[in-house]
Amino acid sequence: MPEGANVEIAKHLNEHGAHSEGDRDRFGRILEIFEAILLACVAIATAWSGYQSAKWDGRSAEQYAQASKLRVEQDLAATQAGQQLLFNTNALNAWVTAITTGDDQAAAVFAKRFTPNYAVAFDAWVETDPLNEADAPAGPIFMPEYHSPLDDKAADLDEQATHALEQGASSRDTGEEYVRVTVFLAMVLFLIAMSQRFKIRNVRLGLIGLAVVFTGFALTLILTFPHL
């Protein structure tokens, strides 16, 4: 083979090798830029997810504290309602004793001692002639007219406390969901770090592709979750 032909072949191979090397360098630079952009997105998403997790944990603590406060108020109202009912019951027993012994003056005094809400039911109960009618209600509290504001207050506070407790649990669950998102984002960082260890293009692209999938999934969750 002529020497000139060998030179031409060597020159051609050298140019082809330089061209291939240039393509690899350009691919590497493009991939590094993409990885940098992906890392920036992951960093922002991780910071946002951590921030939301902390905010929801704080909201949950506030709601649990509110539920505890309402429970204390509910217990107080229920206790006061029970004490009020006990007072009215003792006054009723004294009234019955006075009536049965013929002490109308004492009976009138005891009748005036009832609380306003109990007195309404008492008057309606007396009209049923309970001392003579066996079918009469057993006492004023069994009358439709009986109404205890303190019992109503206790029931309302119990409902509020239950609602606050449920909200606290929901807020806690939301905070935990944001923590799970940070786990997905940590997997993305791991995949990107692993991809940078490989020189084989297909392996590196595969890891980057998987990282993109996890990033998209995490961002979708962040966009669908409630936020503060």
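How many helices and strands does the secondary structure of the chain come to? The chain has five helices and zero strands, where helices (H or I, at least four residues) and strands (E, at least two) are DSSP runs numbered from the N terminus. Along the sequence the pattern reads α-α-α-α-α.

This is a predicted model, in which local features need pLDDT of at least 70 and side-chain atom pairs count only at pLDDT 80 or more, while totals for chains, interfaces and linings use all residues. Residues are numbered from 1 along each chain as its sequence is written, and side-chain values use heavy atoms, with hydrogens and water left out.

Of the 228 residues in the chain, 28% are buried; buried means under 20% relative accessible area, exposed means over 50%, and partly exposed lies in between (1.4 Å probe, protein chains only).

The structure holds 10 aromatic pairs. Rings of Phe, Tyr and Trp (its six-membered ring) pair if their centres lie within 6.5 Å; planes under 30 degrees apart count as stacked, over 60 as edge-to-face and the rest as tilted. W48 and Y51 are a tilted pair because their ring planes stand at 40°, with the centres 5.8 Å apart. Both residues lie in helix α1 (residues 3-100), three residues apart, which is about one turn of the helix. W48 is partly exposed, at 33% relative accessibility, and Y51 is partly exposed as well, at 41%.

One aromatic cluster is formed by W95, F114, Y118, F122, W125 and Y146.

The ring of W56 has the charged end of R59 over it, 5.9 Å from the ring centre. A charge sits over a ring if NZ of Lys or CZ of Arg is within 6 Å of the ring centre and within 35 degrees of the ring normal.
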